[in-house]
Amino acid sequence: MIDMINIGMDIGLLGVLLACALLILRSGSLLAIILLSAAYSLSICALFVILDAVDVAFTEAAVGAGISTVLMLAVIRRQDESLHAPRWPSAISVVTGLGLGLLLIVGTLDMSMYGNPLAPVHLHLAPRFIGQSGAETGIPNVVTSVLASYRGYDTLGEVVVIFAAGLSVLLLLPSANTETGEEHEDRQRRAWIADNPILKAALLRVIPLVLLFALYVQFHGDYGPGGGFQAGVIFGAGVITFGLLCGLGKLLAILSERWVSIGMAAGVLLYAGTGVAAMWRGGNFLDYSTLAETPTAGQHTGILLIELGVGITVAFTMISLFICFSRGRD
Amino acid sequence: MIDLLGGTLLILGSAVVLVGGFGLLRLPDCFSRLHAAGVIDTLGAWLVLLGLLVLSTSIIVAFKVLLLIILFYFLSPVNSHGLSRTALKSGLRPFTDKPS
Amino acid sequence: MDADLSHWIPGLFNYWVAVTLFVLGLVIVIDSHNMIKKLIGLNLFQSAVFLLFITMGKVSGGHPPILDPSIEIYSNPLPHVLILTAIVVGVATTALGLALVVRIRRVYGTVDENKIQHNPDVEPEIIP
C-alpha cells in the first residue's frame, strides 16, 4: 500500500519535472525560465524525499530553490532580455538528442529495477557502511559519517572546488568595478523590496531564526538529516536575505569583504588542519581515530570539526557570490 | 481516534490546496490569483500541518511542526503582501468589471 | 534480461524520465542563443544525473539511512553522499559561469551568442 502510494507520487512528481523542463525549453522570458527552474528544484527535492535521500533533498531545497535563484535574478536584474525561443528545436539538436536518448534507454534496459534490493550497487560497500559505521564512528546518520570520515579525502576535494569557484568569481568580478555610493543609493530607492516596511519588519525578525536553524542543522547533522553543506547554504541564505532587505552597503558595513574572504579560507584550513592534526598524533591524514582517547570518540570529534570547516567555507562562499553579483554595474 | 482526526485534517487540507490550485489556474489576474495562493499558503498549509502535528509520534517532531505552523502564520501573509505590492508598483492594475 | 516488456514499465520509469530530462537539457544547451538560458539547460542536464543516481540508491521498503534500532532496511547511502556534494559544487560552478556571462555582457553589451558572433558592428569595448 505504502509502496503503491510512493510509486504514484514518484510518477506524478516526474511528470511535474518533465512539464517544467518542457516549459523552460519553450519559454521566451528569462525571468520565467529562472522561476520555472526554481519550481523544478522544489519538485525534484520532494522526489528525493520519496527516494529516501533526505540529506540530498535538504541540500537541493536550500541550493536550487534558494541560492541559485537569487544569483540568477541578481544577474538579470537590470534588463529582462526577451529571447525569441525557437518554436521547434533545430534539426541538429533533435538528431543529437534522439540518438543519445535512444542509446541511453537501451542502456537502461540492463539496469536493475526500481527499488530492487539485490541490485549490484547495494551488495558491496553499502552493507559495510550501514552495518558498521554506527559502531566505528558513533554517528547514526550514515550519510554524514561516510561523507566526513570514510570519504573524507573526496569531501576535502569538493570543499576546495567550492573555495576555488568562489575565488574565481571574486577575480572575475573584482570590486574595482563596483558602483559608487550614490549609484547604489539610487538603485536601492528604485528597488521595490527596500521600501516595503511590512516585508522588512517581518523578515528582519525571521533572519535570527534562520541563522539559529543553520547552527542546529550544522551540529545536529550527526543525528538527523543535515551537516556542513546544508548548514552553510542556510546560513548564507540568511545573510543574503539581510543583504536583499537592507542593501549591500549595510551588509558590507557589518561583514566586510575582507572578513568574507578570510572566512572562505578559514573553513578549508580548518578541514585540512584537522587532517594534519591527525597526522601529528600519529595517524594518517584525515584519520580521526587518533584525535581522542578511543577511536570512536576520535572519529566523532574529527567529523564535528571537518563538518564545521565545510559549513564555514560554504556559508562564506555563498555570501561572497551574492556580494560579487549584486554590486557590479552592468 | 487520533489517526482518524489526523487523517481528516490531512484530507481537508489537501482539498483546500486543490481548490486553491484550481483558483490559481482559473482566476483572471495576478491579484485574484494571489488570493488563491494565499488560501493554499494559510488554510491549506495549516490544516496539513495540524494533521501532521496530531499524527506526530515524538515530542521533537511535534515541536518542529508547531514552529512551522507559527512561521507560516506570520510569513505567508507577508509573502502575499510583498508580491501584490510589487505587482501594483510595477504597473499591474486589479481586474474589474468596469471598463477602465 | 527479462523479455516481458510490461515488467519494465514501472521498474525503469525513473531512469527513462532521467534520460528524457537529460536530452531536454541538451536540447536547451544546443538550441538557445542566450547564455543564461544555456546555463539553466546545463543545470537541468546535471539534475537528470542526480535523479539517476538517487533512483539507483532506493531500496523497496527502505528507510532514509539514519541508523535506528527499530529499522532494518535502509536505502543505499553512497549515492546520497556523492550527489549531496555535487549539488553544492554545482551551484558554485554555475556561479562561475554566471560571472563569465556578466563579464561578457560588460564587453559586448549582450548575452546573445548570435549577436556576439555575427554582428561586426559590435566592437568589443575592453573594460578592465
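These are my notebook entries on three chains of a predicted model.

**Ground rules**

I noted that local features need pLDDT of at least 70 and side-chain atom pairs count only at pLDDT 80 or more, while totals for chains, interfaces and linings use all residues. Residues are numbered from 1 along each chain as its sequence is written, and chains are lettered from A and ligands numbered from 1 in the order in which they are written.

**Chain B**

I started with the secondary structure and found 3 helices and 0 strands in chain B. Helices (H or I, at least four residues) and strands (E, at least two) are DSSP runs, numbered from the N terminus. The pattern along the sequence of chain B is α-α-α.

Next I looked up the dimensions. The C-alpha trace of chain B spans about 55 × 20 × 15 Å along its principal axes. Chain B has a radius of gyration of 17 Å, whereas a compact globule of 100 residues would have one near 13 Å. That radius is taken over C-alpha atoms, and the globule rule is 2.2 Å times the number of residues to the power 0.38.

How much of chain B is buried? I read 12% of its 100 residues. A residue is buried if 20 or more other C-beta atoms lie within 10 Å of its own, with C-beta atoms placed from the backbone.

**Where B touches A**

I found 8 residues from chain B and 6 residues from chain A in the contact. The chain B side has 3 nonpolar, 3 polar and 2 charged residues. Two residues are in contact if their C-beta atoms, placed from the backbone, lie within 7 Å. For the classes, Ala, Val, Leu, Ile, Met, Phe, Trp, Tyr, Cys and Pro count as nonpolar, Asp, Glu, Lys and Arg as charged, and the others, Gly among them, as polar.

**A helix pair in chain A**

I then followed helix α7 (residues 152-172) and helix α12 (residues 257-280) of chain A, whose axes come within 10 Å and cross at roughly 165°. Axes are lines fitted to C-alpha atoms, for helices over the stretch in contact, and angles run from 0 to 180 degrees between N-to-C directions. α7(A) and α12(A) are therefore roughly antiparallel (an angle over 145 degrees).

Among the residues that meet are A:Leu156 and A:Phe163 in α7(A), and A:Met264 and A:Tyr271 in α12(A). This contact divides into 8 nonpolar, 2 polar and no charged residues.

**Chain C**

Last, I counted 4 helices and 0 strands in chain C, running α-α-α-α from the N terminus on. Of its 128 residues, 50% count as buried.

Note on methods: Parallel < 35°, antiparallel > 145°, perpendicular 65-115°, else oblique.
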